[in-house]
Amino acid sequence: MIVPASDASENAQEAALFSPPLWIQRRAMVANILRRHKCASVLDLGCGEGSLISILLNNAQFTKLHGVDVDVAALEDAQRNCAPTDYDRQYLRENEVECELWKGSVAEADDRLKGFDAITSVEVIEHLDDEVLAAFPSVVFGTYRPRIVVITTPNEEYNVHFENLQTNSHHPTKRFRHWDHRFEWTRAEFECWSRSIAQEYAYEVEFSGVGLLASNPEDSTFGHCSQIAVFRRKAAEEYRFPESECVARQPYKHFASIRFPYFTECNFTTSQILAEARSLIEPLIYNEWYHEAHYQQPRVTAGDQSLRWDGSEHTISLNTVWEKTLRIRQLCKTKDRFRASLESEEGRKLFEIVPDSIEEGQEDKREELIKVLWRIPDLSSDRALEKDGYEEDTHWEGKEAGRHDMAHWSDPEIWGGTQLANVRPEQDLSWGEAPPAHEDKYAQW
């Protein structure tokens with residue numbers, strides 16, 4: 001049942017229909033797309049209360065995050081929701097992050113916002129008047145021209161699952177999920193609109209979706225609740241810039257700068273980096289083995305040999321070490337510096353970088369592995385390995401990570417270590433409760 005955004009039961013209603021709640025799934029999916037495409041700078045058009053930006057701020061991959069909205073009240077909320085927390089001040093990110101908010105319309109381009117890796121527009125276009133929607137492609141794809149564009153919008157076909165859709169003030173004869181929607185498109189309509197944009201502005205586009213009813217998560221007859229288009233820019237010579245692009249424009253009003261503390265010490269030696277790496281890699285490898293042996297393999301008896309630790313010949317993904325160990329990122333600043341330390345004369349006595357064995361045709365997914373050249377002791381007496389600089393798994397991989405059984409999304413073994421679980425940890429909220437920092441007046445569905 002669709003309820004007004006101001007209704008206090010909104011979160012409970014959404015949690016009952018979607019598991020995890022749809023706002024979590026949608027923002028996690030967008031964040032994951034940006035991470036996979038190695039985007040460091042993101043411009044969020046129609047940022048609202050900052051719900052996406054505040055999630056991206058938890059990942060140090062993103063070093064430049066700007067949000068644009070026409071609603072001053074929403075921008076005030078975004079300024080509060082994206083502000084540094086005690087967690088940010090205790091665990092200093094390795095690099096500075098630029099976070100800025102702007103008041104402006106997506107119907108106008110501002111030259112100060114050119115040059116971003118990606119632009120996102122999450123559940124926004126359905127709120128745009130015809131003239132603004134008509135200008136949107138020229139602004140985003142013609143003027144800003146980021147490498148990646150991610151757009152999400154409701155899938156009208158999925159409305160068959162909802163009762164009591166809301167009477168629409170713009171189309172009195174129609175009933176939409178939200179009173180302010182100007183339209184809700186079918187998959188065919190959204191794909192037609194997206195493909196025409198891609199063709200005109202020299203982009204490629206692919207489609208996906210997010211949100212299936214928890215009561216029947218295998219049923220995608222009507223697609224997903226939200227549909228997603230991911231645009232990838234082609235070569236620059238395939239697009240001819242119009243003459244008007246030479247005119248300087250700065251219509252947006254700067255609203256707020258949000259500053260985060262970060263780790264400023266530098267000039268650490270290779271020996272210091274290797275000592276930290278050895279200390280932190282041991283528990284990472286042991287934890288990976290322990291989780292696989294006790295939770296991912298078929299249930300075994302306590303005396304089974306597969307539950308006995310063998311400390312020799314262990315490897316771990318270089319990316320895993322980099323992403324999960326804040327301390328190493330602080331010392332090295334860049335992954336290239338970390339790799340160079342491992343490959344140094346001193347590092348080769350402790351580590352060897354080897355290619356991952358992978359099936360034919362999957363070469364693009366090959367990872368570098370770090371092989372340890374010493375015997376790791378049994379760490380079973382120290383299972384809660386919360387060393388300084390170690391972070392829980394911070395990615396939501398959806399079905400690719402075997403997490404498609406969303407009926408158990410409240411299980412911390414499945415969801416408790418995701419990036420989204422770390423959002424504002426001091427609030428101590430359960431997964432069924434959307435924190436105030438992420439309430440969105442347009443995002444209940």
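**Close-up 1. Salt bridge between R232 and E206 in the predicted model.** The closest N and O atoms of R232 and E206 are 3.3 Å apart, which meets the salt-bridge criterion (a side-chain nitrogen of Lys or Arg within 4 Å of a carboxyl oxygen of Asp or Glu). R232 belongs to strand β9 (residues 226–233) and E206 to strand β8 (residues 203–210), so the bridge ties together parts that are 26 residues apart in sequence. Helices (H or I, at least four residues) and strands (E, at least two) are DSSP runs, numbered from the N terminus. Both side chains are partly exposed: R232 has a relative accessibility of 25%, and E206 has a relative accessible area of 39%. Buried means under 20% relative accessible area, exposed over 50%, and partly exposed in between (1.4 Å probe, protein chains only).

Residues are numbered from 1 along each chain as its sequence is written, and side-chain values use heavy atoms, with hydrogens and water left out. The model is predicted: local features need pLDDT of at least 70, side-chain atom pairs count only at pLDDT 80 or more, and totals for chains, interfaces and linings use all residues.

**Close-up 2. Salt bridge between R187 and E157.** The N to O distance in this pair is 2.8 Å. R187 is in helix α7 (residues 187–201), whereas E157 is in the loop between β5 (148–154) and β6 (166–167); the two are 30 residues apart and link distant parts of the chain. R187 is partly exposed, at 29% relative accessible area.

**Close-up 3. Salt bridge between D111 and K114.** Here the closest N and O atoms are 3.4 Å apart. D111 is partly exposed at 24% relative accessibility, and K114 is partly exposed at 31% relative accessible area. A search of the whole structure finds 17 salt bridges.

**Close-up 4. Crossing of helices α6 and α7.** The axes of α6 (residues 130–144) and α7 come within 11 Å and cross at roughly 45°. Axes are lines fitted to C-alpha atoms, for helices over the stretch in contact, and angles run from 0 to 180 degrees between N-to-C directions. The two helices are therefore oblique to each other; angles under 35 degrees count as roughly parallel, over 145 as roughly antiparallel, 65 to 115 as roughly perpendicular and the rest as oblique. The contact (heavy atoms within 4.5 Å) is made by L133, F136, P137, S138, F141 and G142 of α6 and by W193, I197 and Y201 of α7.
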